[in-house]
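Here is a short briefing to read alongside the structure. Keep the viewer open and look up each spot as you go.

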Amino acid sequence: MNAFSVLEKLATAVADPADRQLLVERLNDGDSDLLMRLNDVLGQLGSGRVWLVIDDAQDLFTASSGKWRDEALGLVLDELGSRPGHRVKVLLATEVPLPVPRKATESVTEGLPLPNFPDFLGDLAIPGAPAPRVGALAKATHRHPRTAELVLGIQAINARSAAEPLDVASDATALTKTLLLSLDESQERALRLLAVLDRPVRPAVIAHLDRSSAHQVRAVLDRLVLCRLIRRHDDHYYLPGGEAGRIAGNIPAAEIAAQRGRAAEYLENAALKREAVRLDDLEDAFHAVDLFVDANVPGRAVRLMAALEDRYLRGWGQTAALTPWLTRIAGGLPGFREQVLYVMLAGRALAQQGKLAKAIEVIDGGVMMSARPEERTTHLAFLVQLAAYYFRAGQVEKAAEQYQTLLDHSPAGHKGVSTAHLGLALCLAEAGAFTAADQHLDAAESDVQSADPNVALPLLYLRALINFERGEDGLTVVQLKQTRERAEKLNKRVVTARCDDLAAWVWLLRRDLRRAEART
């Protein structure tokens, strides 16, 4: 779960299918930060009541500091909790008290009410489990649902075992030991590997680590699921919260790191062979990043994050999804190339959270660290990033300074030339200096790199915007039509939407409500 998946989940609660689809497209606007996207979601939800329920919420926080593990996710959830005027309620279900105060907290420390316990046992229906002795089970487990489930599961998985889980039901460590003693060799290996990875995984991942077939592993895991010892969701198997740590507790740390590293490599290879169209499609890749960090291989983690950002996340405007791992590897990258990748990623992630002052500070550090002749390409890339963040922060003069520096240092034929001219035109247009802005747009258009869609489309749109500000509505409409057609061919939906928005303003100012509404 991350900030973007929460926003997408909330978007599914929008009643009108057409409005819902438009909202999902807006959520992929690479130039809008998280709070702007949240504004869009809450605006579409209106007065509709929505419950957002998050289980195992204790995992969202760092136990030692009480801070959010994922600052971007925390930003969205904190905003939902503190912002008035909406009807989205967040319910956090947790095994332990949360480290931050909530508006309302209900502590549940007891087991099921005695009248409900027999019904719960009847609903478990574990094949092979002996008929439960309700009274003895209630007393031994204190009517705790998961403990009762484990006791019956252990009895079902190995009915001939001499170990009696009822005798140790109230001791989580002893119950875990009894569980492991009740399994055959293949079941124990699968369960230990599941505990080592400590996340939902497909059978193929366990099979890779166990050097066995996915078919064999699936049969073993399905048996454990049937006995309610593990869980399954779709094609992913996992241990309920807290149990992985107890099962893996006696496995050497070096072995855990090695297995997680092997699993990370497997998931990385699987992920990069598939095309992704949305964030959920990157699940394997994100697990690989997390496992590389767990295995203390931060260089592999940041290189994979950079590959994902270049291929998908930058275009989707969702680099901030990498925030929890960027936080964990900060300061732990010895190589210059990995440090460069980290700084670029961290800057974008911060900017997408609306933390522009911090993003500027981070990228300014990148400009300084790359200020040497052999790193000119990296240096120019940092200048582009820094100028963009100054502009978004409303510091137009500083943005123009960075774009001028970019122009001065970019060799002929380098993309930095057209990007610098485009950036200077944007700054001048913001200041109302339209004639000077046009001159820079002409220079950008005549550059050899002007065919790049990342230059051409903003250039065309900025020309239309300048003519709109000049009051030249007819020319604006023509240019917007050209820009929109080109954007549609390139599947640049954000540019298409911006063209529609500006066209709607043109027609609205012309008092042509029919055409204005057609563009909204």
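**A nonpolar patch on the surface**

Trp 505, Leu 508, Leu 509 and Leu 513 together make a nonpolar patch on the surface, with about 440 Å² of accessible area between them. Please keep in mind that this is a predicted model.

**The patch and its helix**

- Helix α25, which spans residues 493–509, supplies the largest share of the nonpolar patch, namely three residues.
- Leu 509, one of the patch residues, has its place in helix α25.
- Leu 509 counts as exposed because its relative accessibility is 55%, and the cut-off for exposed is over 50%.

- Strand β1 (residues 50–54) and strand β2 (residues 88–92) run parallel and are joined by five bridges.
- Within this pairing, Trp 51 stands opposite Lys 89 in β2.

**A buried glutamine**

- Gln 352 belongs to helix α17, which covers residues 336–352.
- Is Gln 352 buried or exposed? With a relative accessible area of 6%, Gln 352 is buried, because buried means under 20%.
- Which residues is Gln 352 in contact with, leaving aside its neighbours within four places in sequence? They are Phe 4, Asp 33, Leu 34, Gly 317, Gln 318, Thr 319 and Ala 320.

- Most residues other than glycine have a negative phi.
- Asp 56 has a phi near 50°, a positive value in a residue other than glycine.
- Asp 56 is partly exposed, as its relative accessible area is 26%.
- Asp 234 also has a positive phi, of about 55°, although it is not a glycine.
- Where is Asp 234 placed? Asp 234 sits in the loop between β3 (231–233) and β4 (236–238).
- Asp 234 is exposed because its relative accessible area is 61%, with exposed meaning over 50%.

Conventions. Residues numbered from 1 in each chain as written. Predicted model: local features only at pLDDT ≥ 70, side-chain atom pairs only at ≥ 80, totals over all residues. Heavy atoms only, no water. Helix = DSSP H or I, 4+ residues; strand = E, 2+ residues; numbered from the N terminus. Buried < 20%, exposed > 50% of the residue type's maximum accessible area, 1.4 Å probe, protein only. Contact = heavy atoms within 4.5 Å. Pairing = 2+ DSSP bridges. Patch = residues over 30% accessible without salt bridge, like charges linked within 9 Å, V, L, I, M, F, W, Y side chains within 5 Å. Areas by Shrake-Rupley, 256 points an atom, 1.4 Å probe, with all protein chains shown as cover. Salt bridge = Lys/Arg side-chain N within 4 Å of Asp/Glu carboxyl O.
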